[in-house]
Every structure is written in structure tokens, then in C-alpha cells.
Amino acid sequence: MKRIASFFLALVLLTGLISPPAFASTVPWPDNVEISAEGGILMDAGSGAVLYGKNIHQAYYPASITKILTALIVIENCDLDETVTFSHNAVYNVESGSSSAGIDEGDQLSVRDCLYAMLLKSANESANALAEHTAGSIEAFAEMMNQKAQALGCTDSHFNNPSGLNDPDHYTSAHDMALIACSAFENDTFVEIDSSRYYDLPPTKRNPEGSRVYPGHKMLKKNLPEYYPGILGGKTGYTSLAGNTLVTCAERNGMRLVSVVLNGHQTHYSDTKTLLDFGFANFYSVNASSEDTTYSSLANDMTIAGLPAADLSILHLQDNSKITLPNNATFADTTSSISYELPASAPDRAVAQITYEYGGHDAGYAWLLRASKTSGSERAENDSKQVSILENNAESAESSVGETSTGETKGADETGKTKDSALSSTSLETFENGQSDPSLTSPFEIHIPLGFWIALGIIGIIAVVIAIIMFVKFHIEKREENERAERYQRRQQRIQDLGMSPTEFDLIMEEKRSGSALRSNGGRRRSRRRKSLFDFLKKK
């Protein structure tokens, strides 16, 4: 056993000396920033990367930043020239003293007018009127809000009104609000309205000559010390329960950042400036489609999941797919994974979603797209061919690739389901060349890190050593058992040589162990026969 223990110790020392090769150190993810608000986030709108977060999934009351989601839904579902009639409920179903543009029951404004009043003046009656106009009632519009939030990937929110006034069932998180804001600032109409420095509303009952509204967001106003160069827009909010809330979007050097501050206490502007300065000073954006040779060079002689790729030029990364990296970091430092689970927001020609990571942080994602679809008869003929090929190869290809999940699914619809991927769809698009391609099942070869094989080898060696120890231990115990049996047989043979039975021998041995009989008789001498027996056993 000493030899075995020594061998095992030497092996452990040897394996301890074996370590994965040292790779070039990467730039750490910057974290030299802090804010005073209870919750906050800084997100790159181009890549979706979270550059900073504090309690990003904690639920808070949003107050009037809710109106960003309200405006986005209205813009997507209404024509800006439609006429909105203000009902009694829209005008008076608000808290006393809350933000208003002075619009009264019976007034008629265009959807465009109402959006300016809501986003710049934060008019609550305008939010109610737009909700009723879009969905028929405030309750129905709240359902649309929750459906839209879920489709954008929100997981911590529930909206109960279009204005954000106090309601225990109306809440959101910094992460969810950033997702909503990123989507809103992708909409040109929203940006045009939200970035305006003023807007003239038409005449109303209370303002027969019309009125001018200005944005409440101080960082938009050049004459104020809070002004921030590069700002695109945003939305302020405040209620007694929510505290100060603020959403801001700014753009510099081709990078668009969204900041969200929740439950601030008069520090919402300084917190926002701190976050934006931190983001622009420490990060930059790169285009994945121009940097990633793994996926963008698919036209080369390659294979996908072991399947031949006759013409991979039909696959390409979506143009302008942004990845966010720390300054001095390179795209080569990122790792990527692929998923065929496509959210509802995926482009029509998407085959897969590629997610990039840097130092344990999500750096962005890109869509792997097919070439534009064919027309008419070519599509009908090739669809059937492609369905047949992909049905035969999808299962084996997916198992070879080892699909990975993107973690948080962005853009899942209200039922939580995602679109069928190109691998399992029974209604596939075909390509400009009219040929089906079985290689769509996976666009890359797996590269397993060396450290994985080293770790696997160490585990294997330890398993072998343990097996050897168990084997030796078994044989030692077996040998000891055999020796005990042999001693027993020899003793039995000696008893027979003395002409005694085992029972007599046991009685004598018991008497010897106790010694009580000898002591009770004053040390009476043993019989000659018993003395001979003991002498015989002693010699043996």
C-alpha cells in the first residue's frame, strides 16, 4: 500500500505540473464606473451588448419613460395623419397635477400631434387618447404593450397603462427598458419626434391660438449645463413611487448607446452622463460581417457538420452586424456560438443566429442569411428537393454541431415560441441559382480548445489510478482471507493430532482466557494432558 500511495502522490504532482498553455492576455472588460441610482444599465444599441449594469433585472416603477413603448406601438399601428378624439376618460383618468398639454374632452388632434405632446411634454391625456385610438380602450392597449414587450425579449416587466402613472401592476427593469428603447431608436419616426427641440400644437379649447411644447429631457437643450453632445433623444419620468427615471440615447463615432436610470434621487442626469462617458471612453464597435472569416468565407472549400458544401456562397452574415469590444481588444479575442432557434424578430432569410462573447460578456450577435429567394416555378421545384434533403440530414448535422443556446432569446413572441429554423421548416426558400444545398445544416467546424483535452486526459489518468488502487486493495483483502483460512485449517489439524474434538478444544481455550477456574481453586496445577496441549500449540 505504501508503494501504491507513493505512486499516486507522484502522479498527482506530475498532473499538477501539466497546465493549459499560456495564451496572450486579453484586455479586461472595463468596470471603473458607478452610479447613485438603485438601478441602471448602459447598452450598445447596435450590438445589444450590456456595457454596465446595476440591478438590471430588478423590477422598478418606470413612471413616464413608459411612453417610449406607447409611442413605438402607436407608430407601428397607426397613420400619423389619423384623427384622435379625446374622450372624457382620456382627459380625466389621470392623477391630479400630473403632466398635461392642456388638451380637453372633445378636442381632435392628429396622431402626430399627440405623439409630440406625449414625448416632449409628457402629456398623460395624450397617452390615454392614443391608447384608446389604437386599441379601443386603455385595457386593450395595455395588452398590446405586454405583447410587444415580450416580443422584444422583456422578461421582468408588466405594463398596465400607457402613461406610467402609479400602479402596483405596472413595473419594468433596466434591462427590459433598454431593449424597448433600443427598438424605439431604430424607428426613424420615433427619433424624429423624440429628438425635436420644440413642436407647435394646433388650437384646442383651452389654447385657441395653439401652444408650443418643449422636451423635458434637459440633456437635449444646448443652453443648459446638462446638455450632452451627440444626444439623439430620450424620456424623463417621475412619480412618488418611481423616483426619478431617465432613458437617454446618444451617438458618437458610429456607436449608439442607450442609458437607463431607475429610482434615482435627483442624480439621474449625473448618473446618465457618467454612464455615457464611460461607454464612449472605453468601448468601440466593429462590423462582424467584415471581421468574421469563419462565417463570411463560406464560399471556400469547406464542409458543414461533415456534410459536403458544394456552393456555400449562398450563405453570408448580415451586413452591419455590430460587435462591441473594449478599447485595444480585437475581434480575434472573441468566441462565437451558433443557434438555430430563431426569434420572431429574425430576418426572413435568417438560417441561424451567431452570438459573440468576449471575456464572459455578450459582445453582440449576427444573423447568418441565405441569398435572396427565387421565384415561381424554381421555388416550387426546389422546395421539395430541399425539404427532403434537410429532413434526412438535419438530425445528424445538428448533433454534430452541438447546438448552443443564445441564453436570453431576443424577440420571442407572446406565446414564448420561436420561428422554425431552416433545418426543420417544411416551407423553405430556395436560392438564386435554383439549387438546393444540404450543407445548410451547420456553417462551421467545431474547434475544441486544447485545455479541454488536457483536462480530459487528467481526469482519465486519475480514473485509472483509482481503478488500480481498488484492484490492489481487493487482491490484498483476498490474500488475507486465504491466509486466515489456512491458519484455521492448520489449527484444526493440530487439534486432531492431539486426539481432541473441536468442542473440547474450545472449552479449554475458554478456560484459559478467563483463568477464573484456576484462580478460584488457589492456583491449582493444570493437568498433564492440558499442559501438553498448550505446550504443543505454543511450539506451533
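Phe86 is buried, with a relative accessible area of 2% (buried means under 20% relative accessible area, exposed over 50% and partly exposed in between, with a 1.4 Å probe and protein chains only). The structure is a predicted model, in which local features need pLDDT of at least 70, side-chain atom pairs count only at pLDDT 80 or more, and totals for chains, interfaces and linings use all residues. Residues are numbered from 1 along each chain as its sequence is written, and side-chain values use heavy atoms, with hydrogens and water left out.

Phe86 sits in the loop that runs between β3 (83-85) and α3 (88-92); helices (H or I, at least four residues) and strands (E, at least two) are DSSP runs, numbered from the N terminus. With neighbours within four places in sequence set aside, the residues in contact with Phe86 are Val91, Ile103, Asp104, Glu105, Gly106, Asp107, Leu109, Cys114, Glu125, Ser126 and Ala129, where contact means heavy atoms within 4.5 Å. One of these partners, Leu109, is 23 residues from Phe86 in sequence and 8.3 Å from Phe86 in space, C-alpha to C-alpha.

The chain as a whole gives the setting. The protein chain holds 16 helices and 17 strands, and 44% of its 540 residues count as buried. Its accessible surface comes to about 27,700 Å², of which 50% belongs to carbon and sulfur atoms; accessible areas come from the Shrake-Rupley method with a 1.4 Å probe, and for residues only the protein chains shown count as cover. Among contacts between residues at least 6 apart in sequence, 67% join residues at least 24 apart.

Two packed helices are described by the angle between their axes and the distance between the axes. Here the axes are lines fitted to C-alpha atoms, for helices over the stretch in contact, and angles run from 0 to 180 degrees between N-to-C directions. Helix α4 (residues 111-120) packs with helix α5 (residues 124-135) at an angle of about 140°, and their axes are 9 Å apart. α4 and α5 are therefore oblique to each other; angles under 35 degrees count as roughly parallel, over 145 as roughly antiparallel, 65 to 115 as roughly perpendicular and the rest as oblique. On the α4 side, Val111, Cys114, Leu115, Ala117 and Met118 meet Ser126, Ala127, Leu130 and His133 of α5. This contact of α4 with α5 has 7 nonpolar, 2 polar and no charged residues (Ala, Val, Leu, Ile, Met, Phe, Trp, Tyr, Cys and Pro count as nonpolar, Asp, Glu, Lys and Arg as charged, and the others, Gly among them, as polar).

Helix α2 (residues 67-77) packs with α4 at an angle of about 165°, with 10 Å between their axes. α2 and α4 are therefore roughly antiparallel to each other, and their crossing is left-handed. Lys67, Thr70, Ala71, Val74 and Ile75 of α2 make this contact with Val111, Leu115, Met118 and Leu119 of α4. By class, the contact of α2 with α4 has 7 nonpolar, 1 polar and 1 charged residues.

For α2 and α5, the angle is about 35° and the axes are 10 Å apart; α2 again passes α5 in a left-handed crossing. Here Lys67, Val74 and Asn77 of α2 meet Asn124, Ala127, Leu130 and Thr134 of α5, and the residues divide into 3 nonpolar, 3 polar and 1 charged. As 9 of the 11 residues of α2 are buried, this helix is largely enclosed by the rest of the structure. The buried residues of α2 are Lys67, Ile68, Leu69, Thr70, Ala71, Leu72, Ile73, Val74 and Ile75.

Two asparagines stand out for their backbone angles. Asn55 has a phi near 50°, a positive value in a residue other than glycine, and lies in the loop between β2 (50-54) and α2. At 44% relative accessibility, Asn55 counts as partly exposed. Asn263 also has a positive phi, near 50°, but is found in strand β9 (residues 255-264) and counts as buried at 13% relative accessibility.

Lys221 belongs to the loop between β6 (211-213) and β7 (231-239) and is partly exposed, with a relative accessible area of 26%. Beyond neighbours within four places in sequence, Lys221 is in contact with Pro215 and Tyr227. Lys221 and Arg197 are 24 residues apart in sequence and 7.3 Å apart in space, C-alpha to C-alpha.

Terms used. Left-handed = near helix turned anticlockwise from the far one by under 90°.
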